[in-house]
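Please look over the sequence and the model shown below before reading on.

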Amino acid sequence: MKNGNLSFWLDSTRSLSRPRPRAEGTIYADVVIIGGGYTGLWTAYWLKKNDPSIKVVVLEKEFVGYGASGRNGGWISGKTVGIRRNLLSNSVSAGQVVDMERACHRAVFEIDDLMRSEGKDIDAVRGGWMQIARNESELSRLRQHLENDRKWGLTEDEVRMLAGSEAYDRVHVPEVLGALFSPFAVKCNPAKLVYALGEICDDLGVKIYENSPVEEFSDGDCRTTRGHVHGTVVVLATEAYTAAFPGRRRDLLPMISSMVVTEPIAEEHWDAIGWSGYECLSGAQHMYFYAQRTADNRIAIGGRGVPYFWRSNLDKSGELDPGTTSQLNRILSGLFPNVPLEIAHSWRGVLGVPRDWSPFIDHIKRNRLIRVGGYAGQGVTAAYVAGRSVADIITEKDSSLAQSAWVREHPRKWEAEPLRWIGSRSVQMMYKAADTIEYRRGGEETSVLGRLATKISGR
Ligand SMILES: Cc1cc2nc3c(=O)[nH]c(=O)nc-3n(C[C@H](O)[C@H](O)[C@H](O)COP(=O)(O)OP(=O)(O)OC[C@H]3O[C@@H](n4cnc5c(N)ncnc54)[C@H](O)[C@@H]3O)c2cc1C
């Protein structure tokens, strides 16, 4: 089994990565973007679409896709990004909050269409997402979730409940009692998506520099290890990695998400698994999992492991601890107990969680800076929508995205240590215990520990 070295996706598509120069000397641009993940690249893409004459530079510390964009679960999904009530304010209505959700719904298929029209194969399949319940309390949480969706105006066409038998027909998970289903998800190979996007940006004339870490930025100027890049505005698109900049350790919590992928599963076992629709599959337990069937017939599955490193430290090679690998393996064999499954690769990455768990596009005009991100684990589609919004703001396009519910001040900072560390570890332990209690005890009610953990985390 291979462990780390970033991810299975990056590892298996390395030949598709295009080498790019370092930023050296003094460079002038209209817009300087820090970070070569989905957010930085979609921002660059939409800037060029809005105004082909605009000079856009992307500065990437390592290589395009090095961060969460090259390591994620590959769900291009329309799942709710952030917490709706936290996006409401005096100037933002419930309708505007849901408008952003619908923008994400549309974006799921726009991304797929765009990649196809550009001739890029990202292993995309339109299967929707399905969140399954395997005990009464999980089912009850899904029902409450749906009830809340209906209050906010989501329709049966957008999200609906499947009976246990319908869910089982799709993916043969034993003891499934029911599931939430939405057609708004496309599974993909995330590294292929980020590489393709990088190439499309190159072709549009975006100048992407790799191995070019920005050490400091202020008033439109970015100091790299080998020079300066000056722009009219700087876009900070470093999500979880923002914590590495001086004074920004508490802006976003770098939360770890961990994944494993199996060896290819032989054709004869797929009858026992089902999954011919390639749905993006997740669970409703507190120790949440997300999974996809890959193009080469593996199962890639991710979830919570070690949740966070002391003082917001960042992981480098993506190496996964043995405890988390076994935990994901146990989830996998619980889902498909009669199928021989062998883990081929394990890894982890970091995603950016703001204090209110909701995305932001914060334009600080006096500092010539736009900070964008905070998708809390739902960034594959959200980065497309956020990047387009940032581009509309910079090019002063009169669009609803430029004034959306995500355009707001950066949420308040996280607590100082040791509170962040204690908080994240305790939440993790409480969620684990809550799942055990709910399985043993039965019944519809969510355990007190589960409710408490959600409250402490601020969700
Ligand atoms: C394991 C895992 C599974 C996930 N699964 C899903 C999923 O299935 N669906 C979903 O919607 N979301 C998922 N997410 C979240 C999603 O991947 C992220 O929200 C999204 O990729 C964020 O993109 P980004 O461009 O904002 O950040 P990143 O992709 O993290 O990019 C930030 C970039 O900034 C660069 N950088 C950092 N510091 C500097 C500097 N000083 N100078 C220059 N460059 C710098 C980094 O090298 C990095 O390339 C998952 C995340 C993880 C970790």
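## Overall build

With 459 residues, a compact globule would have a radius of gyration near 23 Å, and the protein chain, with 21 Å, agrees with that; the radius is taken over C-alpha atoms, and the globule rule is 2.2 Å times the number of residues to the power 0.38. Along the principal axes, the C-alpha atoms of the protein chain fill a box of roughly 65 × 50 × 45 Å. The protein chain holds 12 helices and 22 strands, where helices (H or I, at least four residues) and strands (E, at least two) are DSSP runs, numbered from the N terminus.

This is a predicted model, in which local features need pLDDT of at least 70 and side-chain atom pairs count only at pLDDT 80 or more, while totals for chains, interfaces and linings use all residues. Residues are numbered from 1 along each chain as its sequence is written.

## Domains

The protein chain is divided into domain 1 (13–108 + 190–251 + 355–403), domain 2 (129–182) and domain 3 (417–459), with bounds that come from an automatic or database domain assignment. The centres of domain 1 and domain 2, taken over C-alpha atoms, are separated by 33 Å. Their contact takes 8 residues from domain 1 and 5 residues from domain 2, two residues being in contact if their C-beta atoms, placed from the backbone, lie within 7 Å.

On the side of domain 1 that touches domain 2, the elements that give two or more residues are strand 5 (75–77) and helix 4 (94–117), and helix 4 gives the most, with 3 residues.

## Helices 11 and 12

Two packed helices are described by the angle between their axes and the distance between the axes. Helix 11 (residues 419–441) and helix 12 (residues 448–457) pack at an angle of about 155°, with their axes 8 Å apart; axes are lines fitted to C-alpha atoms, for helices over the stretch in contact, and angles run from 0 to 180 degrees between N-to-C directions. That makes helix 11 roughly antiparallel to helix 12 (angles under 35 degrees count as roughly parallel, over 145 as roughly antiparallel, 65 to 115 as roughly perpendicular and the rest as oblique).

The residues that make the contact include Gly423, Met430 and Ile437 of helix 11 and Leu449, Ala453 and Ile456 of helix 12. By class, this contact of helix 11 with helix 12 has 10 nonpolar, 4 polar and no charged residues (Ala, Val, Leu, Ile, Met, Phe, Trp, Tyr, Cys and Pro count as nonpolar, Asp, Glu, Lys and Arg as charged, and the others, Gly among them, as polar).

## Helix 10 and its partners

Helix 2 (residues 38–50) and helix 10 pack at an angle of about 40°, with their axes 7 Å apart, and are therefore oblique to each other. The contact of helix 2 with helix 10 has 12 nonpolar, 5 polar and 2 charged residues.

The axes of helix 4 and helix 10 come within 9 Å and cross at roughly 105°, and these two helices are therefore roughly perpendicular to each other. Met100, Ala103, Cys104, Ala107, Val108 and Ile111 in helix 4 meet Thr381, Ala382, Tyr384 and Val385 in helix 10.

## Two backbone details

Most residues other than glycine have a negative phi, and most peptide bonds are trans. The peptide bond from Glu417 to Pro418, however, is cis, with omega near 10°, and Pro418 is found in the loop between helix 10 (379–394) and helix 11. Asn211 has a positive phi of about 50° although it is not a glycine, and Asn211 is found in the loop between strand 11 (207–209) and strand 12 (214–218).
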